[in-house]
Amino acid sequence: RAARSTADMAEEGKIQVLITSYASNQVQVTATRKVLEMFNQKGVAYEQVDGAVDPALRNAFWEKSGKRSYPQVFVNGEYLGDWDAVQELLDSETFDETFKPYIKQ
């Protein structure tokens, strides 16, 4: 597999979710599952980036967000937040508007 760069983070029209396939923190595992389930339920197109597989890219995401946790949601290379941020969008009924450009037709 070719190495990816931090430039991958800034692709227009792209949502990336930083996850880890190697987690023992149940809170982070549950939050990751909730984000992915919500995106799947709403038809949001996204890419999973596994921080356990690509530590260099994980570190680039962590540097950009200023956080060392999972999951992290990035929209067009910009840090949106974690599950709490997604939940806030749902609670304020702005989820669909925020992710409309990324919903699969």
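Buried means under 20% relative accessible area, exposed means over 50%, and partly exposed lies in between, with a 1.4 Å probe and protein chains only as cover. The views below show a predicted model, in which local features need pLDDT of at least 70 and side-chain atom pairs count only at pLDDT 80 or more, while totals for chains, interfaces and linings use all residues. Residues are numbered from 1 along each chain as its sequence is written, and side-chain values use heavy atoms, with hydrogens and water left out.

**View 1. I103 in the segment after α4.** I103 lies in the segment that follows α4 (95–99); helices (H or I, at least four residues) and strands (E, at least two) are DSSP runs, numbered from the N terminus. Is I103 buried, partly exposed or exposed? I103 counts as partly exposed because its relative accessibility is 23%. Contact means heavy atoms within 4.5 Å. Not counting residues up to four places away in sequence, I103 touches K42, G43, V44 and D96. I103 and G43 are 60 residues apart in sequence, yet their C-alpha atoms are 5.2 Å apart in space.

**View 2. The whole chain.** Four helices and four strands make up the secondary structure of the chain. Along the sequence they follow the pattern β-α-β-α-β-β-α-α. The chain has 105 residues, of which 40% count as buried. Among contacts between residues at least 6 apart in sequence, 68% join residues at least 24 apart. The accessible surface comes to about 6300 Å², and 47% of this surface belongs to carbon and sulfur atoms; such areas come from the Shrake-Rupley method with a 1.4 Å probe, and for residues only the protein chains shown count as cover.

**View 3. The four-stranded sheet.** In which order do the strands of the open sheet stand? The order is β2-β1-β3-β4, with mixed pairing. The edge strands are β2 and β4, each of which pairs on one side only. From one strand to the next, the twist averages 30°. Two strands pair if DSSP finds at least two bridges between them. Strands of a sheet pair through backbone hydrogen bonds, either parallel or antiparallel. β1 and β2 run parallel and are joined by four bridges, and L18 stands opposite V49 in β2. β3 and β4 pair in the antiparallel sense over three bridges, and V75 stands opposite E78 in β4.

**View 4. The helices that lie across the sheet.** Axes are lines fitted to C-alpha atoms, for helices over the stretch in contact, and angles run from 0 to 180 degrees between N-to-C directions. Helix α1 (residues 26–42) lies across β1, β2 and β3 and runs at about 155° to β1. Helix α2 lies across β1, β2, β3 and β4 and runs at about 80° to β3. The buried residues of α2 (residues 55–65) are L57, R58, A60, F61, W62 and S65. Their cover includes β1 (15–19), β2 (47–50), β3 (72–75) and β4 (78–81). Just after α2, G66 takes a positive phi of about 75°.

**View 5. The nonpolar cores.** A nonpolar core is a set of buried Ala, Val, Leu, Ile, Met, Phe, Trp, Tyr and Cys residues joined through side-chain atoms within 4.5 Å. Which members of the largest core, with its 17 residues, touch the most other members? They are I15, F39, F95 and F99. The elements that give two or more residues to this core are β1, α1, β3, α3 and α4, and α1 gives the most, with five residues. Apart from this core lies another, of seven residues, among them V49, L57, F61 and F74. Leaving aside neighbours within four places in sequence, F99 is in contact with I15, F39, V44, V75, L80 and L89.

View 6. A cis peptide bond, with omega of about -15°, joins Y70 and P71; P71 is found in the loop between α2 and β3. The hairpin of β3 and β4 has two residues between the strands, and there N76 takes a positive phi near 55°, although N76 is a residue other than glycine. E93, in the loop between α3 (83–91) and α4, is not a glycine either and has a positive phi of about 60°. E93 is exposed because its relative accessible area is 73%.
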